[in-house]
Amino acid sequence: MKCYKHFLVAVVFLLSCSSLNDVKNILPRQSFLKVDKTLEVTVCNPLDPHQCLTKKMGATGSGVIIDNSGGGSYVLTAGHICHDPAIGRVAAKVKKLTSHFKVIDLKGHRYPVEVLSVNNELDTCVLYVRRLNQPAVIISKKGPEEGDRAYNLAAPVGIFDINMVPILEGFYNGASQRKAIYSIPAKGGSSGSPILNHNGELVGMVSMAFTYFSHACISPEHAELVAEINKAVERDKATRPKLTILHRILLLLRGI
């Protein structure tokens, strides 16, 4: 009888240990993208217009593939990454301002993007990326409940490399002022990163971090986020040209 009890304890221990590592099988790592935005600013001396200085500035964020269509993918990221009013104010005061906006997948491949929709109230942005053919995250039909464990794939302060993306976790704490609060660490670079439930399904997106407490973050509420995603994607699909059979064959031959 004693041996039998020890056997049961061993089985329970092994099962509990294996379940702790199950997260690697449910997180959609291949759907994650690092967002890279570079600004090239040229400023000239007002007393000598020929005396100019050009400087590059960079900003990083995160994103996730939410759908595939037409030989490319739709990507969700934060609205303030796509549209920053401060950049517009700077552009009016300099001679030249050039923006380079790309996403980088886990294989290290870079793709230029097309901005489809920006919602400043929700702080969401939906992009279209041609020739990007990675699997899309599954969007949860149900929002989280208080106390639910949540996972986050993000590139805080630009931490990211080929086949390496930080995996963070926390809990859904509830909503405040129409914003969802998660106890997930976040820093600059986390903006736009997906928040996932225990099934690896999208339930939120990191929009902001608290200035004096970086161990919690803010996300749009689930229902509003899903509605905005569906609206932006469906509107673009209705106008985007359909691929011909020949184009589909060429994309398959190219592995796109």
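This is a predicted model: local features need pLDDT of at least 70, side-chain atom pairs count only at pLDDT 80 or more; totals for chains, interfaces and linings use all residues.
**Whole chain.** Zoom out. The protein has 256 residues, and 39% of them count as buried. Color by secondary structure to find 6 helices and 14 strands. Among contacts with a separation of 6 or more, 66% are between residues 24 or more positions apart.

**Disulfides.** Show the cysteine side chains.

Start with cysteine 44 and cysteine 52, joined S to S at 2.0 Å. The torsion about their S-S bond is about 95 degrees, so this disulfide is right-handed. Cysteine 44 is partly exposed at 22% relative accessibility. Cysteine 52 is partly exposed too, at 36%.

Next, pick cysteine 82 and cysteine 125, with sulfur atoms 2.0 Å apart. This link is left-handed, with -95 degrees about the S-S bond. It ties distant parts of the chain: cysteine 82 sits in helix H3 (residues 79-82) and cysteine 125 in strand S7, 43 residues apart. Both cysteine 82 and cysteine 125 are buried.

**Cores.** Now select Ile66, Leu76, Val103 and Leu127. Of the 38 residues in the largest nonpolar core, these touch the most other members. Strand S7 (residues 124-130) gives the most to this core, with 5 residues. Apart from it lies another core of 10 residues, including Tyr172, Ala180, Tyr182 and Ile195.

Finish on isoleucine 66. Its contacts beyond four places in sequence include Tyr74, Val126, Ile139, Leu202 and Val233.

Key. Residues are numbered from 1 along each chain as its sequence is written. Side-chain values use heavy atoms; hydrogens and water are left out. A nonpolar core is a set of buried Ala, Val, Leu, Ile, Met, Phe, Trp, Tyr and Cys residues joined through side-chain atoms within 4.5 Å. Buried means under 20% relative accessible area, exposed over 50%, partly exposed in between (1.4 Å probe, protein chains only). Helices (H or I, at least four residues) and strands (E, at least two) are DSSP runs, numbered from the N terminus. Contact means heavy atoms within 4.5 Å. A disulfide is a pair of cysteine sulfur atoms within 2.5 Å.
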